[in-house]
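Take a look at the two chains below. The report then goes through them piece by piece.

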Amino acid sequence: MFEIFGIPSQALFGQLLIGLINGSFYALLSLGLAVIFGMLNIINFTHGAQYMLGAFAAYLLLQLTGLGYWPALVIAPILVGLSGIVIERTMLQWLYKLDHLYGLLLTFGIALILEGVFRNYYGSSGQPYQLPPSLSGGQNLGFMFLPNYRAWVVVTSLVVCFGTWFVIEKTRLGANLRAATENPTLVRAFGINVPRMITLTYGFGVGLAALAGVMAAPIYNVSPQMGSDIIIVVFAVVVIGGMGSILGAILTGFGLGVIEGLTKVFFPEASNTVIFVIMAVVLLIRPAGLFGRTA
Amino acid sequence: MKTHARKFAFAAALLMCGAAAFAQSGTQTVKIAVLSDMSSLYADIGGPGSVAAAKLAIADFAKVNPNLKVELISADHQNKPDIGSSLATQWYDTDKVDMIVDVPGSGVALAVSQVANQKNKVFIVSGAASSALTGDKCSPNTVHWTYDTWMLANGTGTAIVKTGGDTWFFLTADYAFGYALEGDTVAAVEKAGGKVLGKVRHPTNTNDFSSFLLQAQASKAKIIGLANAGGDTINSIKQGAEFGIVKGGQKFAGLLVFASDVNALGLQTAQGLTLTETWYWDANDANRDWTKRWQQERQGKFPTMVQAGVYSAVTHYLKAVSALKSSADGKAVVAKMKELPTDDPLFGKGTIRADGRKIHDAYLFEVKKPEESKYPGDFYNLRATIPAAEAFRPLKGGGCPLVSG
């Protein structure tokens with residue numbers, strides 16, 4: 001067995017894979033953010049709270065109705081997505097014409113309220129949520145033990161991410177959507193209901209956050225602050241990828257997961273900061289982000 | 001609109017002046033402040049539950065001593081030493097606070113301890129763990145009540161080495177508390193004949209531990225010592241189960257695990273975990289009765305030893321103040337607290353040593369299997385009782401300058 005920088009290669013492969021798994025959460029969350037920013041021009045600070053809502057929806061479905069992981073994977077994103085639609089219809093839609101700051105403040109406020117309400121009822125240490133029995137256990141890959149659940153997370157996240165990218169970038173629906181962002185008046189003239197499309201897009205973005213939340217529930221702690229712990233990193237991912245760039249968000253999400261994973265081996269103390277260092281460097285060299293287009 | 005706002009502000013200012021004047025002109029008034037993590041990873045360990053415990057202590061004390069008027073305030077230190085120490089300074093200086101209690105997070109507690117010393121007020125630690133608080137950083141104004149890193153290390157570490165867990169790998173939280181807990185455990189493990197194979201230091205509030213767990217797995221150590229707390233411990237154990245750590249023959253040693261953590265993990269994941277605590281809500285009738293009263297404010301939750309410690313600490317503090325008939329001189333109050341024996345329904349009889357360490361029994365628990373647990377909150381089997389005299393670091397072992405000789 002050979003060594004790289006004093007670390008056995010086997011351990012290194014394991015860490016690369018782990019990084020990819022963590023990156024898939026970053027990718028799913030930053031994808032939702034990028035879609036919302038790209039299409040609505042709203043910096044959705046509620047995203048973390050909506051991720052938390054997804055996890056809690058799964059937990060509550062199990063507690064109140066006995067519905068397990070698989071139904072929750074479908075129902076929770078729909079429920080949380082609907083709550084997103086209500087927020088968009090009642091509040092966000094009035095802010096599109098204003099400065100970004102207003103949307104940011106509103107969504108940040110909603111996030112704080114949601115977090116506070118859940119903390120009040122469920123405390124800060126979180127609630128247990130077990131792995132679905134069909135995905136417990138794991139495979140011995142020789143260089144590491146890969147839990148089945150993590151493999152499932154990577155695959156699902158890849159499918160969802162590239163599916164979304166494909167719909168928005170390569171289909172007629174996506175073309176309409178992108179056109180509506182560029183010039184809503186013109187697209188309306190073609191008989192397309194732009195406000196409804198925008199509302200559904202927000203609902204979809206929020207649903208993605210909730211989906212990530214349900215997937216996180218069995219492995220991370222289902223707690224009210226789980227969203228605020230991860231959202232800052234996800235924002236950094238979006239900034240590095242380029243605000244609003246969907247492919248950028250996906251690739252950067254996976255890429256930074258890997259870089260963070262490697263930092264955890266070589267310099268664990270810095271693993272929380274490495275992403276922000278990269279963000280600073282990227283902003284210096286390419287202010288629009290790695291995949292962003294300068295206006 | 002503006003003039004309305006001004007009038008309102010003026011009225012509020014007047015009211016505030018009035019309140020301050022009233023407080024000063026009363027008979028003997030004591031003001032206690034609970035400084036805790038109200039909203040983040042340690043909020044269920046102390047937090048609002050500590051405030052509820054302090055309220056109970058004040059209510060119980062008032063039944064016997066109606067002459068002493070006790071005020072209670074609280075705030076969130078957000079786990080930041082700078083916020084903690086500036087709040088403490090403001091409280092001691094301008095808000096006439098006599099005593100600050102709880103303060104989970106060793107970094108914050110060490111900062112507040114210094115402030116209490118400068119202002120000559122009282123500080124009683126229940127939430128923070130670092131044994132430095134009664135070691136080289138001890139202070140004549142500080143009492144460390146519920147537990148500390150030495151006691152946890154000694155209780156859990158020694159017990160595990162004795163049952164064959166003689167090689168260790170540490171996952172350590174990267175701040176004062178983690179270092180103290182790791183250091184004390186390494187000493188206890190090596191003293192008992194064990195060996196430390198490696199360690200990794202992770203930032204607090206880490207979401208994903210899989211990378212660190214993989215390193216622990218690769219070390220082939222029999223025991224993975226978790227020198228972290230709260231959400232970090234929960235995530236380590238939860239993800240450890242997923243990565244087959246326990247199935248692969250390695251075991252976790254939760255060096256600081258609270259009842260609230262076990263509740264969050266669920267018994268399915270936490271079963272078999274060995275841990276040390278100084279108080280368990282279901283240990284005896286007195287604890288159960290108190291828990292029922294506490295739950296009137298904290299419905300559906302189970303109190304931790306930190307919250308019980310706040311009750312016990314506030315009770316003893318009030319005893320000392322009423323014996324002295326003054327709360328003005330912090331050093332004198334703490335000296336009185338050390339002189340009087342402690343006695344309350346939750347921790348029983350005990351003492352406070354010269355270095356500020358409160359002494360009582362500690363218990364080695366094992367988390368029950370799900371099928372053994374009969375009702376919500378039925379978490380532990382008692383494995384051993386560590387008598388007060390052995391549970392804490394010997395008086396001269398800590399290097400506290402207050403200890404003569």
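## Chain B: overall build

This is a predicted model. Chain B contains 14 helices and 15 strands. Its C-alpha atoms fill a box of roughly 70 × 60 × 40 Å along the principal axes.

How does the radius of gyration of chain B fit a compact globule? For 405 residues, such a globule would have a value near 22 Å. Chain B has 22 Å, so the two agree. Burial can be counted too: 58% of the 405 residues of chain B are buried. Now take the contacts in chain B between residues at least 6 apart in sequence. Of these, 73% link residues at least 24 apart.

## Two domains in chain B

Where do the domains touch? The contact uses 18 residues from domain 1 of chain B and 21 residues from domain 2 of chain B. On the domain 1 side, helix H4 (residues 106-119) of chain B gives the most, with three residues. That side of domain 1 has 10 nonpolar, seven polar and one charged residues.

## Chain A: confidence and a helix

Chain A has an average pLDDT of 89, and 96% of its residues score at least 70. Which elements of chain A have the lowest and the highest mean pLDDT? Strand E1 (residues 3-4) of chain A is lowest, at 60. Helix H3 (residues 69-90) of chain A is highest, at 96. Where pLDDT is low, the predicted coordinates should not be read in detail.

Just after H2(A) comes A:Gly66, with a positive phi of about 80°.

## Where the chains meet

How many residues of chain A are in contact with chain B? The count is 33 residues of chain A, against 35 residues of chain B. On the chain A side, the elements that give two or more residues are helix H1 (9-40), strand E4 (145-147), helix H9 (226-241) and helix H10 (246-266) of chain A. H1(A) gives the largest share, five residues.

By class, the side of chain A that touches chain B has 13 nonpolar, 16 polar and four charged residues.

Notes: Residues numbered from 1 in each chain as written. Chains lettered and ligands numbered in written order. Predicted model: local features only at pLDDT ≥ 70, side-chain atom pairs only at ≥ 80, totals over all residues. Helix = DSSP H or I, 4+ residues; strand = E, 2+ residues; numbered from the N terminus. Rg over C-alpha atoms; globule rule 2.2 N^0.38 Å. Buried ≥ 20, exposed ≤ 12 C-beta atoms within 10 Å, placed from the backbone. Contact = placed C-beta atoms within 7 Å. Nonpolar A, V, L, I, M, F, W, Y, C, P; charged D, E, K, R; others polar. pLDDT = per-residue confidence, 0-100.
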